[in-house]
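Reader: I am new to reading protein models. Could we go through some features one by one?

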Amino acid sequence: MDVMKGRCIGLVALLVFLGAGVWAQSRRAMTFDDLTGWQRVTERAISDDGVWVACRMEPWIGDAMVHVYNAKGKEVASFQGGEQMKFAASCRYLLAVQKPPLKEVEALKIQKTKEEDLPKNKLLLHRLAEGKTEEVDSVKVWKLAEKSDWLAYQRGNKADSTLYIRSLEGNRLDSFPAVSEFYFAKEVPLLYFVSKGDTLGTRAGLYAFEAEAGASRLVFEGEGVFKQIVPDKRGEHLAFLYCADKDSVSTHLKLHVDGQVLEATPTNWVMSEHETIRFSDDSQKLFFGMAPRPKVKDTTVLDENRPKVEIWKWDEKVQYTQQVYNKAKDLKKSYTAVYHLNERKLVPLASPEMPDFIMADKGNAPIGLLRVSEPYGLERMWTGRPRYDIYSIDLASGQTDCIKEALMAEVRFSPKGNYAYWFNVEDSSWYSYSIADKKEYRLTTPDTFAAWDEENDMPDFAPPYGVAGWTSPQDEYLLLYDRYDLWRFDPKGRSAPVNLTKNGRTTQTSYRLLQLDKEATTIDPKKEQLLRGFNEVTKGYGYYRLPSVASASVPQTLLAGNFMLKEPLKAKKSGAMVYTTETYSQFPELRLTADGSFKRPVQLTNGQAQQDGIRWGTAELVSWTSLDGKPLQGVVYKPEDFDPAKKYPLIVNFYERNAETLYAYKTPEPHRSTIDYRLYNSHEYIVFNPDVVYEDGYPGESCFNSVMPGISLLISQGYINEEAIAAQGHSWGGYQVAYLATRTRLFAAIESGAPVVNMFSAYGGIRWGSGLNRSFQYEHTQSRIGATIWEAPQRYTENSPLFTMDKVETPILIMHNDQDGHVPWYQGIEYFVALKRLQKPVWMLNYPGEIHWPMRMANRVDFQKRMFQFFEHYLKKKPMPRWMSEGVPAVDQDFELGYE
């Protein structure tokens, strides 16, 4: 009987195995149409009462869909083409914009249809309880009152500027002609709008409309230019900029505040439209911007007689290229001032000498901070970090007091403005400064608290783990992180710090507090707090409850496991939360926990259904030791029907460290710079993402030492085709795979995107995306040389693939675009020309006008297709496509793609 039983079990196992094989074979490989059409959640919303949830599911190319769910998880409505979802304050309505179908719009554009004749967006007003939807055609712009059920919108074409104001209930609709702009007060149904007037008696000017009463009043009459119409949150005060002459806006704007007209001060200064006007939260102060009177161009000299020259000076505090990059912003530079409403007193705060103002307590505090970096601008060229002189300023008198000089730190205010605080990277310590006592306190030292990134491997000061916040109501405690735990500090150091989470370091779990109330500025010490934890050993995540931050306790596990968790979305007026769990094979479905306990959650979305019929993949953590003796980890992504007896092609894709993303879903996507793991898994590729750790001065060697033994580990498992191994990387990853090509013949093909291959020329180059010089990143940051080219020329040579390009035996595909603002395009050209001169097989893709990576979707899809064909040819011996075998001449590029 035992023998028969064993045979039966074996037969069942065989049938299950064979059935699984047939099932796997019946599933198809992913296509590029799958990539572009893959649906993912791009927007989510929950009603304030937690009863309703909406989300937008959107493909990369195509029409989005808004789905609406009730608290039981039932889908109660859906709208094609929806976006900009908002629940009304009463939680009885959902509003969303509905865009016209993409194919319909594209077909009309092909027919050269004029822009004004194309179909317009609709505004959908869905009544949640009744399940009925009302449409408003041709909506251009709309605004929903934040604390009441009132809607304002404009519709029609550009010529139609009528403003409609209605209650969502639909029992009243008001309209006003020729409106150019409109704004709701934050907490009351009060609307301000500007009308140009009409022939029926409506005068031009600024109006206030009290929605509940249905009454409008003219606040200010004028046909000029209005800028920044700003009511305070309760609608009790109003500020705006106005100029009677539209041609003099830059020099003659006046600031109107509650009927008063303010002039800029000092003499030859003007009111600026370029700084946001804002009331303090208590409505006692108004903050705004002033600026020196703009310079006027001499129009008596013709442009053709005016020289065009740039003058670069050796000791300029800001490099000329950075000045050019910042020119448009600098021409709009303004300096903060404050107007005290009760005293009717204007006080300038910032100035060209002290340009950066930092507000405290939403403007309620009597003080602020001023920050000055100009004296230290020159050294920032090579350190990559700014220094600051920090001053406190009395908002009533304008009196300043120096707090710190030459501080390499970002200074911030505690929520109530009682303290300034900062992390000094030069001594890896946290500090606070009592505004009342005018005294500095050192809260940590390297010996007492490991506040810095323990894994920092750049030749630079390590950054801190960060701040969780301050406790209410009066900045009693500062909450800081180390690598694992949440700590409570007395900002004056009167008591010893407390490890609030207790077991983070012993369990190797990094706890981080989730601030679910986005309007809160402080942490209530008596309330429960929700934490998210990441376990460094398992790479899994969890949600944990901390009873309070008043005392230490081991966090209580609510939900934890071998999956990834991100920040949940909480309802404002209930404990309901929307969250996701995900793994490499599990779609991050939206789930609703009604009480925040994460028990008996309700699943809302069903994105997993997209995977039906497609061969998927699995993720597996692997460990090895680098050639220089460092323990490393990485993730191996295998086809779902992986057979250890088969030989698979392998693509090695990496950047720095990514093992913590073991459980990330990795949504299928036509990526701008990297392979899509899903696509390659489904086409029977294995993908390897190894961690890399670095030694100062040897970035290339460090990459080789880290990656190569990881590949050897996989080869030793017996399932890798050693003749079909490729590498792919972009930017820093592109540099590293370019370096590997000079050190090994292991790779059958390499795609290197936007790489640096010549550290000498790159060191002296410019990051055109910011105007900054590039030297700091070699001396202090990612490129990790840790010295100048004069101090360590050999390091720059031996880490530059260009100088050993003659050793490359691997076919190379380069992608580098001519408007790259991160890595100079000429790096890609140097790479290509060197290999071409050496007559090595190389192709280069340039998407004209694109930056560090292609942004246009058509270009992203094209890049993915060509890279896939490149790897298919060299790793699977597929026929070489024509763009590789014959090229696509410039005269043909507008007529053919060469994919075939």
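Author: Start with a hairpin. This is a predicted model. In it, β17 and β18 form a hairpin with six residues between them. Gly235 sits in the turn and has a positive phi of about 75°.

Reader: How many bridges join β17 to β18?

Author: Five bridges join them, and the two strands run antiparallel.

Reader: Is strand β17 mostly covered or mostly open?

Author: Begin with the general idea. In a regular strand, side chains alternate between the two faces of the sheet. Now the case here. β17 covers residues 225-231, and five of its seven residues are buried. The strand is mostly covered.

Reader: Now a helix. What span should α10 have?

Author: Count 1.5 Å a residue.

Reader: How many residues of α10 are buried?

Author: First, the general idea. An α-helix has 3.6 residues a turn, so residues three or four places apart point the same way. In α10, 14 of the 18 residues are buried. After the helix comes Gly718, with a positive phi near 90°.

Reader: Which residues touch the most other members of the largest nonpolar core?

Author: Tyr543, Tyr680, Phe871 and Leu875 do, in a core of 67 residues. Helix α16, residues 857-876, gives the most to this core: nine residues. There is also a second, separate core of 52 residues, which includes Phe704, Ala741, Val756 and Tyr763.

Reader: What is Tyr680 in contact with, beyond its neighbours within four places in sequence?

Author: Its contacts are Ile651, Ile675, Tyr685, Val687, Met867, Phe868 and Phe871.

Reader: Let us turn to a loop. Where does Asn456 lie?

Author: Asn456 is in the loop between β33 (439-442) and β34 (467-470).

Reader: Why is Asn456 called partly exposed?

Author: Use the cut-offs. Buried means under 20% relative accessible area, and exposed means over 50%. Asn456 has 27%, so it is partly exposed.

Reader: What does the side chain of Asn456 reach?

Author: It reaches the backbone oxygen of Met458 at 3.4 Å. The backbone oxygen of Asp460 lies 3.2 Å from a polar atom of that Asn456 side chain. Leaving out residues up to four places away in sequence, Asn456 touches Phe461, Ala462 and Pro463.

Reader: How far apart are the C-alpha atoms of Asn456 and Tyr694?

Author: They are separated by 9.3 Å. Along the chain, Asn456 and Tyr694 are 238 residues apart.

Definitions and conventions:
Residues numbered from 1 in each chain as written. Predicted model: local features only at pLDDT ≥ 70, side-chain atom pairs only at ≥ 80, totals over all residues. Heavy atoms only, no water. Helix = DSSP H or I, 4+ residues; strand = E, 2+ residues; numbered from the N terminus. Expected span 1.5 Å × (residues − 1). Buried < 20%, exposed > 50% of the residue type's maximum accessible area, 1.4 Å probe, protein only. Contact = heavy atoms within 4.5 Å. Polar contact = N/O pair within 3.5 Å; in protein donor to acceptor, adjacent residues only side chain to side chain. Core = buried A, V, L, I, M, F, W, Y, C linked by side-chain atoms within 4.5 Å. Pairing = 2+ DSSP bridges.
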